[in-house]
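Student: I would like to go through the aromatic rings of a protein, step by step. Can we look at the structure together?

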Amino acid sequence: MTDKLRIAMAQANPTLGDIAGNIKLAREFRQEAEADGADLVVYPELFLSGYPPEDLVLKPAFIRSIKAAIDELTELTLDGGPAMLMSGPVSENGKLYNSVFLLEDGKMSAIRHKAKLPNYGVFDEMRVFDAGPLPGPIPFKGVRLGVMICEDMWFSDVAECLAETGAEMLIVPNGSPFDHEKSDSRINYAVERVTETGLPLMYVNQIGGQDELVFDGGSFILNSDRSLPVQMSCWKEDLLITDWRRNDEGYWQCDTEHLKDPGASLERVYHAMVLGLKDYVEKNKFPGVVLGLSGGIDSALSAAVSVDALGADRVHCVMMPSKYTSQESLDDAAECARLLGTHLDSVPIVPAVDAYETMLGGLFEGTEADITEENIQSRVRGVTLMAISNKFGKMVLTTGNKSEMSTGYATIYGDMCGGYSVLKDLYKTLCFDVSEWRNANTSPLFKGPAGAVMPSNVITKPPSAELREDQKDEDSLPPYEVLDAILHALVEEEKSFAEIVAAGYESETVSRIQNLLYIAEYKRRQAPPGVKITTRNFGRDRRYPITNGYRDKR
């Protein structure tokens, strides 16, 4: 029986489906841990496959490849270096599990399966995995490790079972995505488990972007007295060596002190956008992004995130002026590109719009100009950006925000045209706040310049699509402070019409916004993926029918 352990926390960024790359990453972390004298390296949830693997794990060839990877890493441990608490999908007796396994001395000495499979929000594990039994401890060097896989920590019976069967510490491999509205839930649940069992707890979370999800890391340790000796950095890969000892009372405690500030809310939101875009572009091997830079706040913020994520040389901005584009917008777009150090081209759309008006002139004869002509401008811009993307290979980044996506004030096949959106889950008011934060702050993780990255006028001027003379967003929508509050109540809180009106909002406005939200569902189904920021993003979290006749009040 040992009285000391050195455990490495591998806050790693695996790539879903890249098994060879994940093996290489596991080796690199283990090599670094070995150099620091670690006994054990703990990896995040489903490290070998990447998380969440969705239906990929239903492919038998993929599971066979995972099995070969496990065998390769098992053989690696014959070298006498650190053991590995590794994770991945495992098939046993016709069932498929989300599992962790201890690899040491050339063998798999223990395996445990996830008992609680999440089936809400972005999670759909019951669809692809079987639930394992409540786990017992894993013996390692005479110490009984109580391993809970992510969701298992959310339930008291898993920790209780481990404690009752002799666990001496709790270890939780995680794939827990970022949600700026629930930043404290992990710590709160961990405190509950520590309080109930009297055992210290190590929480090892993944880092990185996977499609719409962003994993922020922030791994931590709680001692049995609920003190927090370790809080790892958010937003970057890291390996931390932690020293553990059995104290005079015979209980294990972590003696390492390592506390990093997770950051305030706006800082976390911006970092999530940067990391989500960076990994989407790089893991899908795009050379960069191209986006329309209009002189408005949404495109300016999208450009800033792009430069911070990828560097100015990989961001191509295009101004596409129409006859309604103001000189103010031209100046603001040029200044934004200058501040960011990125390339800006100008491609006027007037010839193409005129061609459409000529082409459709006979058919439209006798009608008044309306939203049809406005949408033609937006769609011409979409075609222009897609042409540039096809020619040079960079992915089109859309620039619409959640307020627009909620109400349908985004043009399908126009400004919704593209491969990814960093603002998809940010309401307009949050776009303003995040823009002000970035103009006043930077980070060593950003590739863009320090200081202001967009003109202040972009943030302060009244928003406008500039698709007709003297157009302002508030001509057809309530002020964004009102709109976003109503939308948050409808989307994130699922409040009724009566509840929202009782909170002080005009009934006609609430009814209209609710109707706009529902009838725009077909557009959102065709929208590109985007970084998940809130508790209820469109796509993975909120899944409403397109054909939907229900209204609280019409």
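Student: Is F446 buried or exposed?
Tutor: In this predicted model, F446 has a relative accessibility of 8%. Buried means under 20%, so F446 counts as buried.

Student: How is the pair of Y270 and F446 classed?
Tutor: The ring centres of Y270 and F446 are 5.3 Å apart, and the planes make an angle of 65°. Planes over 60 degrees apart count as edge-to-face, so the pair of Y270 and F446 is edge-to-face.

Student: How many residues apart in sequence are the parts that this pair ties together?
Tutor: Y270 lies in helix α5, which covers residues 265–283. F446 lies in the loop between α11 (428–440) and α12 (456–460), so the parts tied together are apart in sequence by 176 residues.

Student: How is the pair of Y280 and Y420 classed?
Tutor: The centres of the rings of Y280 and Y420 lie 4.1 Å apart, with the planes at 20°. Planes under 30 degrees apart count as stacked, so the pair of Y280 and Y420 is stacked.

Student: In which strand does Y420 lie?
Tutor: Y280 lies in helix α5, and its partner Y420 lies in a strand, so the pair ties together parts that are 140 residues apart in sequence. The strand covers residues 420–421 and is β21.

Student: Which residue lies over the face of Y544?
Tutor: A charge sits over a ring only within 6 Å of the ring centre. Here the distance from the ring centre is 3.7 Å, and the residue over the face of Y544 is R542.

Key. Residues are numbered from 1 along each chain as its sequence is written. This is a predicted model: local features need pLDDT of at least 70, side-chain atom pairs count only at pLDDT 80 or more; totals for chains, interfaces and linings use all residues. Side-chain values use heavy atoms; hydrogens and water are left out. Rings of Phe, Tyr and Trp (its six-membered ring) pair if their centres lie within 6.5 Å; planes under 30 degrees apart count as stacked, over 60 as edge-to-face and the rest as tilted. Helices (H or I, at least four residues) and strands (E, at least two) are DSSP runs, numbered from the N terminus. Buried means under 20% relative accessible area, exposed over 50%, partly exposed in between (1.4 Å probe, protein chains only). A charge sits over a ring if NZ of Lys or CZ of Arg is within 6 Å of the ring centre and within 35 degrees of the ring normal.
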